[in-house]
Protein chains: 4
Amino acid sequence: MVLKKPSVTYQAISKRLKVSEEDTGSTSIQAADSTAINGNITPTDKKIGFLGLGLMGSGIVSNLLKMGHTVTVWNRTAEKNAAGGIHSEVCDPEEDGQCDLFIQEGAHLGRTPAEVVSTCDITFACVADPTAAKDLVLGPSGVLQGIRPGKCYVDMSTVDPETVMELAQVIVSRGGRFLEAPVAGNQQLSNDGMLMILAAGDHGVYEDCSSCFQAMGRTSFFLGEVGNAARMMLIINMVQGSFMATIAEGMTLAQVTGQSQQTLLDILIQSQLSSVFLDQKCQNILQGNFKPDFYLKYIQKDLRLAIALGDSVNHPTPMAAAANEVYKRAKALDQSDNDMSAVYRAYIH
Amino acid sequence: MVLKKPSVTYQAISKRLKVSEEDTGSTSIQAADSTAINGNITPTDKKIGFLGLGLMGSGIVSNLLKMGHTVTVWNRTAEKNAAGGIHSEVCDPEEDGQCDLFIQEGAHLGRTPAEVVSTCDITFACVADPTAAKDLVLGPSGVLQGIRPGKCYVDMSTVDPETVMELAQVIVSRGGRFLEAPVAGNQQLSNDGMLMILAAGDHGVYEDCSSCFQAMGRTSFFLGEVGNAARMMLIINMVQGSFMATIAEGMTLAQVTGQSQQTLLDILIQSQLSSVFLDQKCQNILQGNFKPDFYLKYIQKDLRLAIALGDSVNHPTPMAAAANEVYKRAKALDQSDNDMSAVYRAYIH
Amino acid sequence: MVLKKPSVTYQAISKRLKVSEEDTGSTSIQAADSTAINGNITPTDKKIGFLGLGLMGSGIVSNLLKMGHTVTVWNRTAEKNAAGGIHSEVCDPEEDGQCDLFIQEGAHLGRTPAEVVSTCDITFACVADPTAAKDLVLGPSGVLQGIRPGKCYVDMSTVDPETVMELAQVIVSRGGRFLEAPVAGNQQLSNDGMLMILAAGDHGVYEDCSSCFQAMGRTSFFLGEVGNAARMMLIINMVQGSFMATIAEGMTLAQVTGQSQQTLLDILIQSQLSSVFLDQKCQNILQGNFKPDFYLKYIQKDLRLAIALGDSVNHPTPMAAAANEVYKRAKALDQSDNDMSAVYRAYIH
Amino acid sequence: MVLKKPSVTYQAISKRLKVSEEDTGSTSIQAADSTAINGNITPTDKKIGFLGLGLMGSGIVSNLLKMGHTVTVWNRTAEKNAAGGIHSEVCDPEEDGQCDLFIQEGAHLGRTPAEVVSTCDITFACVADPTAAKDLVLGPSGVLQGIRPGKCYVDMSTVDPETVMELAQVIVSRGGRFLEAPVAGNQQLSNDGMLMILAAGDHGVYEDCSSCFQAMGRTSFFLGEVGNAARMMLIINMVQGSFMATIAEGMTLAQVTGQSQQTLLDILIQSQLSSVFLDQKCQNILQGNFKPDFYLKYIQKDLRLAIALGDSVNHPTPMAAAANEVYKRAKALDQSDNDMSAVYRAYIH
């Protein structure tokens, strides 16, 4: 029984938020550029490289191209194609064919990370985890081979602060300029150019990336020293990952106690807990549709890194620790390549 | 750097929700009454009783009175006042003086629960926990003493299904009619008449309560057999309580790793996780203001009952179990009578 | 490669223990009676009743009879047999036929708990959980119906302190004398007369039970006020239940990482962690033999009650909370009636 | 009340164990050498190096010297002394002065890890964690600089399998021979030469270490491929660390519910849970004496690595995860350099 019109409280938050943005001195949040808001972006004339065409990278590259940037792409699969090699049996299926598509849309193809870096002014990278991020830079024909004084390298992967500080150090030691810029969001937001960008490191690089960030994102934050963006990103994803597990726990408890999951969602969505995230993830569960918007294996990786972040400062994170164990069970049930909402299955098996 | 205008996705949810409400057959959700929506409620002419004037009950009674209902109130403190007795040393401080206030606003004063029930047509009760709910009905001069055929009793306390089924059974065995109607919300929403009401039991009573529910709430759900509303309510509060612990965990991890909590909130509030709850609770933490909107001791009680609900069907609830331990630590730190957001303090001590 | 002879450190503990027993003033631990130690027990001439013939009760009754006590038994199944009724579909299979057996060994058969209590001087009870313990006393033809001044009632069930205090209160209010005496051990120890008895309440009853306790146990402790034995018992079983989950976690982690479980046991058993419990439970896992020595459903119940005990004093018990969730999963996998070591299966499914 | 003589069940285990050792084919457990058992060890004439003189290393070196081995030692502090440098502010206090002591007992002093390795036949290392183990090998003047074909390197640190496999790979690639040999035990057992040695890797090196292992340990196990000893060691310490947290949880729950901790220990020590570990750790708690026998910071590190081990094979370890969070709280309370039993303090603050 609907008794009263809902007050659209979301807008009240948005209004308050604007004020807080103007007041916050500790982070370099700047007033909105009206051009950006209207979508008329003047693309930088710098040559842009992009390494890693997964769920997030693909949307980003697509938006960079749409907004008129000159982009050279590379990914593991592309390298193999170009070299005429055989597809790795364990390569990410979502990466297949992405390079071809982007080339049709005007992108150039780099043969190695080193080549991309040496031919571009600013090279972005967005890969799976700390190991992949390090391999990309330090491995054979890696980023480091292409770094020369003045080259900019922007790592958008979600990794731990130690890894990103190590990468910054080696890039800078070769005369390169480093920015970390992990993104909050998922595949849909990446495709829509509505990511949130958390940046830290070289502020000049941050400014040089202005039109790129406008193409891919809705807001960017500059957080100071290298490592801060990694830390903040892990905290955001820790909150997200733990909340997802909680949602799954609630939805299954409803089911096993004979309550309607649809009704539970109807109630939650009218409560103060209502959020786009809550709605979308409950819809996934109701529909049994776990097509990845954010890989379960990546949110588990982020929980693991967030727990390690807490560990590094002796800070207990019991909620994240509990969530991590549930995601591990989901991984054991072959849900790694499904959406994070597939953690639901850890509760029903 | 704000790059694009936020899409007001909250409204999209609301729109979709309306459709789903019309489609959902399993729960008796009815189309909104335009009178109700405009706030012009025709109050029932039945005599209304109300037992328990805590954070939630006070707002409800105030709204019942405002909308023109005839209300007789009682609470533990009131009984003692009326009887000229001495205040219990352990009485809830927030209840003091509430009766006097309501009497000035036109409420009648009942001397005992039995008296309220015997002189009213429909008696609501909203007390702390299963023990209090049982004492109110089964104790000396309790509700059961006043029940006669046709009398309606509506228990709005958040308790476990076993307790509410036991109460329903004794009420009905005396010829009474029983509805359980726990409410989702907090003190602010109670004061604003914007609670969500989860009802189950006697559908006739549900209909008789129509103007009362319009006075106190924004939406009501009828969930079928007695016990279902208790189950659903515990699941809602389990999700809420676990999420609150996760928020506190994120805010503290930001602090101990040198990140700005304000910036963390700014990011979260622009993400798909954004909700009124998230915003309000982070504000509490930022301001160090833990004035109760929802007692920490009550959310811990609800977590405990939700875990027991899972236990009764052999369903693991590791997130709730982890959250429960954090709240227990907060209680040990004397945060019981603060807002649930004071669970934050369990992370910093 | 065995390099040195192991030092038999267990004996060192035993020796130290003896001294500590003599020194401990807070509990009434008495010097061993040489008669008892030599197994020559003089049975009391009081008439003994026994209610509840489960895993523990059966061994106890058997030992009471062997040592020459006059025993009247009753259990749920027996009542139904005597009354010519139909077997409950949910009755415990292990109780079937136990009464007949004991009658052959000289026991008398009581038709109801009330009858046993009214015809015996001291009646022991050992049932599943708080609900069963209350039903036995307060239910139709229950213990309370047979209590008269001077009758002794000894509850050996493992329950929460609130339950045992409530039972003590009603027994004493009818002039009865009450002792709680939960036992630490399992079926094997019960059969061997090697249980540990934790007693609290009426010290006179404790003394009157002397020959009975000698028949069934290896040591007894008197812990003071009613409720203390329940508390101590729950703590003991909490430690036991959490350790069992940890053992299962270690054994499965060995398996999934390709290590020999037998070798893990060989190492553990030579380490300072070595205990009879560790050895027996690992053997169960290695042999896949989960024949109940201590029901999994009962250790889960004890964990639940221990967590509630912590809850009552605002004390976090995160290890027990984590263990409890694992046991709940094991119960969902139909392991309730297996030995507690079957919690192993929660880790491999 | 002691009712019967305890059966010395520990010996029954030991007897059974002997048989199982003879039967276990999967690990190279050999029959005890009577010479070893009688303590008459013939020391190898190979030159022995030892890197790292912490709680464990010091006892090992002392026993190597006592049994007549030729030993060259080095640790971080020693290096600085030798070089006339300034003490690091963060150096381990327990290492100070250890080198001088050993030199008086006949040890030689190496100036760098590289020098020790190049002048000795077999070099052992026992350091804090994976980072320290890697630095020792790969850092400036590290082990790798001294490795030449035929040199043996035995890493006794408790690290993750990835680290030890990486170290094995670089050592072997330079022609060296590698054995991992982490030890189960604590300072007391190290001093007593009663450690348990888990070895894996080059079996020839294992055999060459025979007299060394006899000097330091009570039993050794050869577990096959490099990585297996690390895995097994982490599992052992995971069980130990989780059990320790459980013991602390039980002891505090006793205290806050008004039960005697001494009585709890008296009961536990007579139960089937009785073990040397349980007894010693409860004694620590009772006496408030947390002098390190096994550093709390190291058991937390091992829990972290064991959780990561589970992570690598998608295996949930909820007990270890819960324990890890408790130890993190203990570390935040400055208990890192106390014995692991100081986790107790995480429960009382």
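Predicted model: local features only at pLDDT ≥ 70, side-chain atom pairs only at ≥ 80, totals over all residues.
Leaving aside neighbours within four places in sequence, C:T123 is in contact with C:G49, C:L51, C:V116, C:V117, C:C152, C:Y153 and C:V154. The residue belongs to strand β4 (residues 122-125) of chain C. Its relative accessible area is 0%, so C:T123 counts as buried.

Next, select C:M232, which is found in helix α13 (residues 228-256) of chain C. Is C:M232 buried or exposed? With a relative accessible area of 0%, C:M232 is buried. Setting aside neighbours within four places in sequence, its contacts are C:L198 and C:L223 along with D:Q259, D:S260, D:T263, D:L264 and D:I267 of chain D.

**Chain D: two packed helices**

Two packed helices are described by the angle between their axes and the distance between the axes. Display helix α7 (residues 130-138) and helix α9 (residues 161-173) of chain D, whose axes come within 10 Å and cross at roughly 10°. Angles under 35 degrees count as roughly parallel, so α7(D) is roughly parallel to α9(D). To see the contact itself, show the side chains of D:P130, D:A133, D:K134, D:V137 and D:L138 on α7(D), and those of D:T163, D:E166, D:L167, D:V170 and D:I171 on α9(D).

**Salt bridges**

Side chains of opposite charge can pair when their charged atoms come close. Over all chains, the count comes to 36 salt bridges.

Return to chain C and select C:E166 and C:K134, whose side chains meet in a salt bridge with an N to O distance of 3.7 Å. C:E166 is in helix α9 (residues 161-173) of chain C and C:K134 in helix α7 (residues 130-138) of chain C, so the pair links parts of the chain that are 32 residues apart. C:E166 is partly exposed, at 35% relative accessibility, and C:K134 is partly exposed as well, at 28%.

Move to chain B and select B:D339 and B:K281, which form a salt bridge at 2.9 Å, N to O. Which parts of chain B does this pair tie together? B:D339 lies in the loop between α17 (318-332) and α18 (344-348), and B:K281 in helix α15 (residues 276-287), so the bridge ties together parts that are 58 residues apart in sequence. B:D339 is buried at 0% relative accessibility, and B:K281 is buried at 2%.

In chain D, select D:D337 and D:K297, where the salt bridge has an N to O distance of 2.6 Å. D:D337 lies in the loop between α17 (318-332) and α18 (344-348) of chain D, while D:K297 is in helix α16 (residues 296-312), so the pair ties together parts that are 40 residues apart in sequence. D:D337 is partly exposed at 44% relative accessibility, whereas D:K297 counts as buried at 19%. The cut-off matters here: buried means under 20% relative accessible area.

For a network, select A:R177, A:D202 and A:D208, which are joined by salt bridges that share partners.

**Aromatic rings**

A pair of aromatic rings is described by the distance of the centres and the angle of the planes. The model holds 34 aromatic pairs over all chains. One of them is C:Y206 with C:F213, a tilted pair with 5.9 Å from centre to centre and 50° between the planes. C:Y206 is buried, with a relative accessible area of 0%, and C:F213 is buried with a value of 0% too.

Then select D:F243 and D:F277, whose ring centres are 6.1 Å apart and whose planes are at 25°, so the pair is stacked.

In chain A, select A:F50, A:F124, A:Y206, A:F213 and A:F222, which ring pairs link into a cluster.

**Charges over rings**

Where does the charged end of B:K297 sit? The charged end of B:K297 is over the ring of B:Y295, 4.8 Å from the ring centre. Finish in chain C, where the charged end of C:K297 sits over the ring of C:Y295 at 4.9 Å from the ring centre.

Methods. Residues numbered from 1 in each chain as written. Chains lettered and ligands numbered in written order. Heavy atoms only, no water. Salt bridge = Lys/Arg side-chain N within 4 Å of Asp/Glu carboxyl O. Helix = DSSP H or I, 4+ residues; strand = E, 2+ residues; numbered from the N terminus. Buried < 20%, exposed > 50% of the residue type's maximum accessible area, 1.4 Å probe, protein only. Phe/Tyr/Trp six-rings, centres within 6.5 Å; stacked < 30°, edge-to-face > 60°. Lys NZ or Arg CZ within 6 Å of the ring centre and 35° of its normal. Axes fitted to C-alpha atoms, helices over the stretch in contact; angles between N-to-C directions. Parallel < 35°, antiparallel > 145°, perpendicular 65-115°, else oblique. Contact = heavy atoms within 4.5 Å.
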